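I opened this model today with a notebook beside me.

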Amino acid sequence: MKRLIFTLMLLLGLTQTAAAATTNPIFERHVNAPIDQVFPKLVKSFTQHGLAVILQTDMESILKHQNAQAEKPELPVPATHVRSIVFCNAASVSRIFKLDPRMLAFCPMTVNVSERNGVTSVRFFRPTSIETETKARPELESLEKRITTSINAALK
């Protein structure tokens, strides 16, 4: 009996580990191009796909400034450049709020863009990766698709 329980627990653990490995909460794309070429294309693509760009931030400058102000400076950021785009879609925000106000935690969204050794990486947290039951899930799926479509269009 103990063997059966142990085997079932082991199988359950392996199944959960495999499921977790296939669902990456971070969307990530890389392109062999400098950030100065990629970033404007991302901003333009977001706008073309109905995502209003609220803020474009040069995180590298902010991190350098904070590091210079710190009593114990941190090691430098390993990326050459780090930038962020903060954006939203007004219609999505409205629908998400009506369905589940808690999910407004995803509005606005942020995409981080970094360059290291000539490779630019684009990353964001997938709103569909949360395990919370919500009536807003279809809207979050639609928003995520819009974001990934915008990124893929900019990087082609």
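**Entry 1: Arg83 and its surroundings**

I began with Arg83, which touches Ile35, Asp36, Phe39, Thr57, Asp58, Met59, Val111, Asn112 and Val113, leaving out residues up to four places away in sequence. Contact here means heavy atoms within 4.5 Å. Before going on, I noted that this is a predicted model, where local features need pLDDT of at least 70, side-chain atom pairs count only at pLDDT 80 or more, and totals for chains, interfaces and linings use all residues. Residues are numbered from 1 along each chain as its sequence is written, and side-chain values use heavy atoms, with hydrogens and water left out.

Arg83 lies in strand β3. Helices (H or I, at least four residues) and strands (E, at least two) are DSSP runs, numbered from the N terminus. Is Arg83 buried or exposed? I found Arg83 buried, at a relative accessible area of 18%. The scale I used is buried under 20% relative accessible area, exposed over 50%, and partly exposed in between (1.4 Å probe, protein chains only).

Which side chain does the Arg83 side chain meet in a polar contact? The partner is the side chain of Asp36, at 2.7 Å. A polar contact is a pair of N or O atoms within 3.5 Å; within protein, one must be able to donate a hydrogen and the other to accept it, and residues adjacent in sequence count only if both atoms are side-chain atoms.

**Entry 2: the strands around β3**

Next I looked at β3 itself, residues 81-88, where seven of the eight residues are buried. Strand β2 (residues 52-58) runs antiparallel to β3, and six bridges join them. Strand β4 (residues 109-116) is also antiparallel to β3, with seven bridges. I count two strands as paired if DSSP finds at least two bridges between them.

I followed Val86 across the pairings: Val86 is the bridge partner of Leu55, and in β4 the bridge partner of Val86 is Thr110. A reminder to myself: in a regular strand the side chains alternate between the two faces of the sheet.

Not counting residues up to four places away in sequence, Val111 touches Phe46, Arg83, Ser84, Ile85, Phe87, Val122, Arg123, Phe124, Ile147 and Ile151.

The largest nonpolar core has 29 residues, and Leu42, Phe46, Phe87, Val111, Ile147 and Ile151 touch the most other members. At least two residues of this core come from each of β1, α2 (35-48), β3, β4, β5 and α5. Such a core is a set of buried Ala, Val, Leu, Ile, Met, Phe, Trp, Tyr and Cys residues joined through side-chain atoms within 4.5 Å.

**Entry 3: charged pairs**

How many salt bridges does the structure hold? I found six, taking a salt bridge as a side-chain nitrogen of Lys or Arg within 4 Å of a carboxyl oxygen of Asp or Glu. Side chains of opposite charge can pair when their charged atoms come close.

Glu28 forms one of them with Arg123, the closest N and O atoms being 2.6 Å apart. This pair links distant parts of the chain, with Glu28 in strand β1 (residues 26-31) and Arg123 in strand β5 (residues 119-125), 95 residues apart. Glu28 is partly exposed at 37% relative accessible area, and Arg123 is partly exposed at 28%.

Asp100 and Arg102 meet at 2.8 Å, N to O, and Asp100 is buried at 8%. Glu141 and Arg137 meet at 3.6 Å; both lie in helix α5, four residues apart, about one turn of the helix.

**Entry 4: Glu144 in α5**

I stayed in helix α5 (residues 137-155) for Glu144. Glu144 is buried, with a relative accessible area of 9%. Its side chain makes a polar contact with the side chain of Thr128 at 2.5 Å. Beyond four places in sequence, Glu144 touches Phe124, Arg126, Pro127 and Thr128.

**Entry 5: the whole chain**

Last, I stepped back. The chain has five helices and five strands, in the order α-β-α-β-α-β-α-β-β-α from the N terminus. Of the 156 residues, 34% are buried. Among contacts with a separation of 6 or more, 74% join residues 24 or more positions apart.
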